[in-house]
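User: Hi! Could you walk me through this structure? I'm new to this.
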Amino acid sequence: QVQLVESGGGLVQVGDSLRLSCAASGGDFVTYTMGWFRQAPGKERTFVAAISWQGGTTNYADSVKGRFTISRDNAKNTVSLQMNSMKPEDTAIYFCAAARSWLPNAWDYWGQGTQVTVSS
């Protein structure tokens, strides 16, 4: 069983940057694909970014390409999401997720989420 705990959310202004972190415990972190998802008010949860277990492969939603960067530190069991040039539409609860395969239809573990609000 893998436990995921997100941190780093908060209130920022348009154009600002924010870095989210996710700490994993209870499993073999290095074997998991890690991802970030977000859920805006009244909307479904959507994919943001993913990174392979070695960190050599990444994938991003079109809406965040060029602005967000996902990275991982397997020595520290953490995955991060650097968010730059933030927009009001980035406002959402951000969730960390882990999966045993690359970009599965269903991810195996989820964190509780962290709120990100971008104010104009």
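This is a predicted model: local features need pLDDT of at least 70, side-chain atom pairs count only at pLDDT 80 or more; totals for chains, interfaces and linings use all residues.

User: How do β9 and β11 run, and how many bridges join them?
Analyst: They run antiparallel, and three bridges join them.

User: And in which sense do β2 and β11 pair?
Analyst: That pairing is parallel, with four bridges between β11 and strand β2, which covers residues 10-13. As an example, Gly10 has Val116 in β11 as its bridge partner.

User: Let's stay on β11. Which of its side chains are buried?
Analyst: Side chains alternate along this strand, which spans residues 114-119. Thr114, Val116 and Val118 point to one face and are buried.

User: New topic: what is the phi of Asn77?
Analyst: Asn77 has a positive phi of about 55°, though it isn't a glycine. That's worth a look because most residues other than glycine have a negative phi.

User: Where does Asn77 lie?
Analyst: Look in the loop between β7 (68-73) and β8 (78-83). Asn77 is partly exposed there, with a relative accessible area of 24%.

User: What about Ser85, what is its phi?
Analyst: Ser85 isn't a glycine either, and its phi is positive, about 50°. You'll find Ser85 in the loop between β8 and β9 (92-99).

User: Why is Ser85 called partly exposed?
Analyst: Because its relative accessible area is 44%, and partly exposed covers the range between under 20% (buried) and over 50% (exposed).

Conventions
Residues are numbered from 1 along each chain as its sequence is written. Side-chain values use heavy atoms; hydrogens and water are left out. Helices (H or I, at least four residues) and strands (E, at least two) are DSSP runs, numbered from the N terminus. Buried means under 20% relative accessible area, exposed over 50%, partly exposed in between (1.4 Å probe, protein chains only). Two strands pair if DSSP finds at least two bridges between them.
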